Amino acid sequence: MIDVGANGRVSDGGVFSNTKFYQKLKENKLKIPEPDYLPRSNIKLPFVFVADDAFPLSDNIMKPYPQRNMTREQRIFNYRLSRARRIVENAFGILSSRFRILLNSINLEPDKTSTIVLACCYLQNFLRQKNIQIFLQDSFDFEDVSSGQVRPGSWRNNNQQLISLESCQQRNSTTTSKDIRNKYCEYFNNIGAVQWQNNIFNE
């Protein structure tokens with residue numbers, strides 16, 4: 001699902017809240033699977049989209065804890081969440097490295113710019129379906145899950161980093177969504193812990 005064409009003066013949180021994706025998410029029309037048990041546990045939690053501070057915390061959108069006064073457990077949760085978000089970074093990084101017009105401002109009318117961005121996304125999906133091995137060869141990050149070591153994808157060699165999104169100013173997260181985040185945090189620090197997650201304290 002792609003949404004293109006919001007005014008640049010609108011905050012990132014405002015852009016997201018005006019998308020069809022967000023509306024369908026709020027109306028429970030995205031056909032997200034029902035909550036399920038986490039591996040090796042009796043904890044049943046909803047499926048979530050991983051996000052950063054630019055997005056609101058909700059039952060199905062998981063964002064990090066605020067940076068101030070974090071506990072050790074919260075830091076580990078944030079670390080695990082940030083590693084999961086690398087998949088999102090790979091998607092945008094590969095797209096922009098293949099279609100380099102996306103690495104700079106596009107000096108065209110908004111309608112034409114939207115058409116170009118949509119065309120790049122369509123072409124990305126088309127090429128990926130035709131021959132994914134060649135199209136994505138060495139493009140994405142590879143992680144050794146046993147050691148936590150990550151080999152960066154080739155798109156990261158472009159020396160042009162993705163722009164960070166503006167933090168969302170919404171502060172109306174529900175008690176339920178905060179409780180879901182706390183339960184994921186507890187899981188990642190106990191049953192779902194991996195040995196390399198403590199690397200955050202060595203960096």
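At what angle do the axes of helix α3 and helix α7 cross, and within what distance do they come? The axes of helix α3 (residues 72–84) and helix α7 (residues 175–188) cross at roughly 90° and come within 9 Å. This is a predicted model, in which local features need pLDDT of at least 70 and side-chain atom pairs count only at pLDDT 80 or more, while totals for chains, interfaces and linings use all residues. Residues are numbered from 1 along each chain as its sequence is written, and side-chain values use heavy atoms, with hydrogens and water left out.

**Overall make-up**

- The chain has 7 helices and 6 strands; these are DSSP runs numbered from the N terminus, with helices being H or I of at least four residues and strands being E of at least two.
- Along the sequence, the pattern reads α-α-β-β-β-β-α-α-α-α-β-β-α.
- Of the 203 residues, 33% count as buried (buried is under 20% relative accessible area, exposed is over 50%, and partly exposed is in between, with a 1.4 Å probe and protein chains only).
- The accessible surface of the chain is about 13800 Å², and carbon and sulfur atoms hold 51% of that area (Shrake-Rupley method, 1.4 Å probe, with only the protein chains shown counting as cover for residues).
- Among contacts (heavy atoms within 4.5 Å) with a separation of 6 or more, 60% are between residues 24 or more positions apart.

**Helices α3 and α7**

- The axes are lines fitted to C-alpha atoms, for helices over the stretch in contact, and angles run from 0 to 180 degrees between N-to-C directions.
- Helices α3 and α7 are therefore roughly perpendicular to each other (65 to 115 degrees; under 35 is roughly parallel, over 145 roughly antiparallel, and the rest oblique).
- E73, Q74, F77 and R80 of α3 make the contact with R181, Y184, C185 and F188 of α7.
- This contact has 4 nonpolar, 1 polar and 3 charged residues (nonpolar: Ala, Val, Leu, Ile, Met, Phe, Trp, Tyr, Cys and Pro; charged: Asp, Glu, Lys and Arg; polar: the others, Gly among them).

**Salt bridges**

- Side chains of opposite charge can pair when their charged atoms come close.
- The whole structure contains 2 salt bridges (a side-chain nitrogen of Lys or Arg within 4 Å of a carboxyl oxygen of Asp or Glu).
- K29 pairs with E27 in a salt bridge, with the closest N and O atoms 3.4 Å apart.
- K29 counts as exposed because its relative accessibility is 51%, and E27 counts as partly exposed at 44%.
- K183 forms a salt bridge with D179, and their closest N and O atoms are 3.4 Å apart.
- K183 and D179 both lie in helix α7, 4 residues apart, which is about one turn of the helix.
- K183 is partly exposed at 35% relative accessible area, and D179 is partly exposed at 36% relative accessibility.
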